[in-house]
Amino acid sequence: MNDTLLSIPKEENAKHHSAFVSGFSDSFVLIQRSLRHIFRNMDQLLSIVMQPIMFMLLFRYVFGGAIDTGGTSYVNFLVAGILIQTAAFGATTTSLSVATDVQRGIIDRLKSLPILSSAVLTGHVVADLVRNVLSSIVMIIVALFIDFRPVASFTDWLMILGLLLLFTFAFSWLSAVIGLLAKSVEAVQWFGFVLVFPLTFASAAFVPTETMPKYLRIFAENQPVTHVIEAMRALMVGTPLGNHGWATLIWCLAIIAICIPLAAHLFRNKVSK
Amino acid sequence: MATTSTKNSIEVKGLKKNFKDLKVLEGLDLTVPKGKMLALLGPNGAGKTTTVRILSTLLKPTGGNAYVEGFDVVKDSRKVRSLIGLTGQYAAIDEYLTGEENIIMMGRLYHLGLEESTRRAKKLLEQFDLVDAGKRIAKTYSGGMKRRLDLALSLVATPPVLFLDEPTTGLDPRSRIAMWNVIERLMKDGATILLTTQYLEEADKLADRIAVIDHGRVIVEGTADELKAKVGSDRLELVFSRPEDADKALKINGSGSIVEQDDRHVLVIPIEGGVEDVKKILDTVSGANIAIESMSIQKPTLDDVFLRLTGHAATLEQAESAKS
């Protein structure tokens, strides 16, 4: 029985795999880490689920009666908007997680390992995807209790899931960039709010854009959040799809194409302070 | 493969690092022979952490060269990373994972496989006195436990070269001693260690050699004894209420110097031989029926080192600005 701390000969260390296989397994380990965070951080999980439910009830029963959504009932109009708003705020969890890793020195530790260290970002993004799917399921169930009546077929639901995942994926990578740019965890919270708040409220999430003043309306109708919401709404309750599906695809792919390499670049040059 | 001398695990030549206009390292030279420990001693802001970050491939130097086991830290950074373990100033652990999960995660990132990682986690938790805590999430740990877990994480892959950046800063005395014991065992097991510290006592206790750095340069390097010879050893201070007593004591003892402090008369005697020496001096003085009012033993501090070597105190502006 050997009792020394450094007893294992070096040769046994690190079985050598191809860069691809080890990159994949590094990502897997770090995804597992981030997934554990979801249920270990109960306060965060509860706030991510409870807050949107309260918003949904607020709009359904307090404001909803005063908003004219044409042929669609307000609750049917609302659900797509509230789901995407929740997904957008949920995606900012990545920036918090990344900033916390930087602050705690975990990024330094991972970067001093012989691994694909940016896999830590992938881990946080995947955790956002899982968390957002979970919170969306809870919200749709609650919505059904308050007279939400979707007309979506099984294929439509799969496409709705696809939209949700694509949007979350894009916003989580954007969020990773923010997390790496920010100077502190507090700054990240503020930054995420300032970005997501106007994108979700100056959109078609809660009211039809027709009643907005001209310039606000131009912004609201052309920004990505509105496109995702309108596409999802069309699939859920049969409003006209228009070009929203394609616009969503283009916006999300563009965000992803810019943010993944940018995040990787920022990550390489980042050291904990 | 840029091999320099193979008997040195760490070699640093003329290392420079600027952060914009701020010159942090201004031509730092270091060597650490295989299996030895060098302590990098200096105040906040002297460049200790920057040196460790360059050696552990986290920062690129502005100039100069650094090699770990003969590999260039810039050109062969991936190879260097497979040879080093890093423990930073803060416990870089995942607070939402348990101690065991933290270690297993590190093992798997070193591609040791789940089974081997689990085996090492069990062993490391035993060796670091964390068996009971191993199943709890690390958020609940005390400061000392977090640091021990942090050190355990840097040992998962049994790297031959370790960088310990102020491993005991902010720890209570008990945790500090526990940490020292672990570091001493690592030395015995043959690790090459670069330790940074602000405490002369720590460097003295642990390291084979000490390099004192200031403003990004090594200002003196040597064994603890060599350094102390430069700085002065421990001092015994005897306080007398009457000046003639102090004079008499000096005459009997034969060495020392008298310092007048307020209305007290202090005989300061350097002690070379530890406890035995102190006992001899006290026996001699009190044997001559001289009344000693009080006594104390003063150890040389980092401040003493700096005052002697640089003429300025260690706790000046750099320390202040780096604190917040």
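Among the contacts of chain A that join residues at least 6 apart in sequence, 79% link residues at least 24 apart, where two residues are in contact if their C-beta atoms, placed from the backbone, lie within 7 Å. The model is a predicted one, in which local features need pLDDT of at least 70 and side-chain atom pairs count only at pLDDT 80 or more, while totals for chains, interfaces and linings use all residues. Residues are numbered from 1 along each chain as its sequence is written, and chains are lettered from A, with ligands numbered from 1, in the order in which they are written.

**Chain A as a whole**

The secondary structure of chain A consists of 11 helices and zero strands, the elements being DSSP runs numbered from the N terminus (H or I of at least four residues for helices, E of at least two for strands). The C-alpha trace of chain A spans about 75 × 40 × 35 Å along its principal axes. Of the 273 residues in chain A, 44% are buried; a residue is buried if 20 or more other C-beta atoms lie within 10 Å of its own, exposed if 12 or fewer, and partly exposed in between, with C-beta atoms placed from the backbone.

Two packed helices are described by the angle between their axes and the distance between the axes. Here the axes are lines fitted to C-alpha atoms, for helices over the stretch in contact, and the angles run from 0 to 180 degrees between N-to-C directions.

| Helix pair in chain A | Angle | Axis distance |
|---|---|---|
| Helix 2 (residues 42-63) and helix 3 (residues 74-91) | about 150° | 10 Å |
| Helix 7 (residues 154-181) and helix 11 (residues 244-268) | roughly 30° | within 8 Å |

Helix 7 of chain A is therefore roughly parallel to helix 11 of chain A, whereas helix 2 and helix 3 of chain A are roughly antiparallel to each other; angles under 35 degrees count as roughly parallel, over 145 as roughly antiparallel, 65 to 115 as roughly perpendicular and the rest as oblique. The crossing of helix 2 and helix 3 of chain A is right-handed, and the contact draws on residues including A:F55, A:M56 and A:F59 of helix 2 and A:L78, A:I82 and A:Q85 of helix 3. By class, this contact of helix 2 with helix 3 of chain A has nine nonpolar, three polar and one charged residues, where Ala, Val, Leu, Ile, Met, Phe, Trp, Tyr, Cys and Pro count as nonpolar, Asp, Glu, Lys and Arg as charged, and the others, Gly among them, as polar.

The crossing of helix 7 and helix 11 of chain A is left-handed, the term applying if the near helix is turned anticlockwise from the far one by less than a right angle, and right-handed if clockwise. In this pair, residues of helix 7 of chain A, among them A:L166, A:F169, A:W173 and A:L180, meet residues of helix 11 of chain A, including A:C252, A:I256, A:C259 and A:L266. The contact of helix 7 with helix 11 of chain A has 20 nonpolar, one polar and no charged residues.

Helix 6 (residues 119-145) of chain A has 27 residues and reaches 40 Å from its first C-alpha to its last, close to the 39 Å expected at 1.5 Å a residue, the expected span being 1.5 Å times one less than the number of residues. Helix 6 of chain A is followed by A:D147, which has a positive phi near 75°.

For helix 10 (residues 224-237) of chain A, the 14 residues should span 20 Å at 1.5 Å a residue, in agreement with end C-alpha atoms that are 20 Å apart. Because 14 of the 14 residues of helix 10 of chain A are buried, this helix is largely enclosed by the rest of the structure. Just after helix 10 of chain A, A:G238 takes a positive phi of about 80°.

**Chain B and its contact with chain A**

The contact between the chains takes 32 residues from chain B and 29 residues from chain A. On the side of chain B that touches chain A, helix 3 of chain B gives the most, with three residues, and the residues of that side divide into 17 nonpolar, eight polar and seven charged.

Within chain B, B:A152 lies in helix 5 (residues 143-155) and counts as buried, with 26 C-beta neighbours inside 10 Å. Not counting residues up to four places away in sequence, B:A152 touches B:I103, B:L124 and B:F128.

B:G256 is found in the loop between helix 9 (243-253) and strand 12 (257-261) of chain B, and is buried, with 20 other C-beta atoms within 10 Å. The C-alpha atoms of B:G256 and B:V268 are separated by 5.4 Å, although the two residues are 12 residues apart along the chain.
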